[in-house]
Amino acid sequence: MQAHPVSPFRLTGRHVLLAFAGFFATIAAADAVLVSSALRTFTGLEAASPYHAGQVYAAELARARAQGARHWRLDSALARDGAGARLTVSLRGPDGTPLPGKDLRARLERPTDACLDQVLPLAAGDPGTYAGGLDALPPGQWRLVVEVTGPDGVELRRERRLTVE
């Protein structure tokens, strides 16, 4: 048996052309798969019913105008109380007089995890002053949402970012 001599590999122009063509064909195929997948799964709509979302937005604008027309002033202060926190809210009318007897709801929302949201029950104290507390409040970023509710729904809504140490 005779061994056939193997000629050494030589890189030719044809090899380089085939390598480039194969590389770009692979990239084009991957792009085609990704683009077709994106077009099939995303309709471009962020709401299931844009018409309904527009109606809700118009209602929100009307509610905001009504809140602005009341000229109420809502001030809030959150203070640490051991591991928890104490929230004090002051509600005043346009002339600065306290607004007693209102129903206030407060929530502390975690911007990154809705599971950590907490409701703060508020009780009336001095006229126009409402207070409530939590036994435990982890440190970090929070969004305080205070709503004054009335017979027609939310009369005033204020949001504020807080950093709890």
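A salt bridge is taken here as a side-chain nitrogen of Lys or Arg within 4 Å of a carboxyl oxygen of Asp or Glu. The structure is a predicted model, in which local features need pLDDT of at least 70 and side-chain atom pairs count only at pLDDT 80 or more, while totals for chains, interfaces and linings use all residues. Residues are numbered from 1 along each chain as its sequence is written, and side-chain values use heavy atoms, with hydrogens and water left out.

By the salt-bridge rule, the count comes to nine. One of these links E109 to R107, with the closest N and O atoms 3.0 Å apart. Burial is judged by relative accessible area: buried means under 20%, exposed over 50%, and partly exposed in between, using a 1.4 Å probe and protein chains only. E109 counts as buried because its relative accessibility is 12%, whereas R107, at 25%, counts as partly exposed. R107 also forms a salt bridge with E147, where the closest N and O atoms are 3.9 Å apart. Helices (H or I, at least four residues) and strands (E, at least two) are DSSP runs, numbered from the N terminus. Since R107 lies in strand β3 and E147 in strand β7, this pair ties together parts that are 40 residues apart in sequence.

E147 has a relative accessible area of 7% and is therefore buried. Its other partner to be considered here is R157, with the closest N and O atoms of the salt bridge 2.7 Å apart. R157 lies in strand β8 and E147 in strand β7, so this pair ties together parts 10 residues apart in sequence. R157 counts as partly exposed because its relative accessibility is 32%. Through shared partners, salt bridges join R105, R107, E109, R143, E147, R157 and E159 into one network.

Two strands pair if DSSP finds at least two bridges between them. Strands of a sheet pair through backbone hydrogen bonds, either parallel or antiparallel. Strands β3 and β7 run antiparallel and are joined by seven bridges; L108 has L144 as its bridge partner in β7. Strands β7 and β8 are likewise antiparallel, pairing over 11 bridges, and they form a hairpin with two residues between them. Across this second pairing, W142 stands opposite L162 in β8.

On the nonpolar side of the picture, a core is a set of buried Ala, Val, Leu, Ile, Met, Phe, Trp, Tyr and Cys residues joined through side-chain atoms within 4.5 Å. The largest such core has 22 residues, of which L91, L104 and L108 touch the most other members. Strands β2 (84-92), β3 (103-109), β6 (129-134), β7 and β8 (153-164) each supply at least two residues of this core. In soluble globular proteins, nonpolar side chains tend to be buried together. Contact means heavy atoms within 4.5 Å. Leaving out residues up to four places away in sequence, L108 touches L116, D117, Q118, L120, L134, L137, W142, R143, L144 and L162.

T149 lies in strand β7 (residues 140-150) and counts as buried because its relative accessibility is 16%. Leaving aside neighbours within four places in sequence, T149 is in contact with D103, R105, V154 and E155. E155 is found in strand β8 and, at 14% relative accessibility, counts as buried.

Nine bridges pair β1 with β2 in the antiparallel sense, and L78 stands opposite L87 in β2.

The loop between α2 (50-70) and β1 contains H71. Most residues other than glycine have a negative phi. H71, although not a glycine, has a positive phi of about 60°. H71 counts as exposed because its relative accessibility is 54%.
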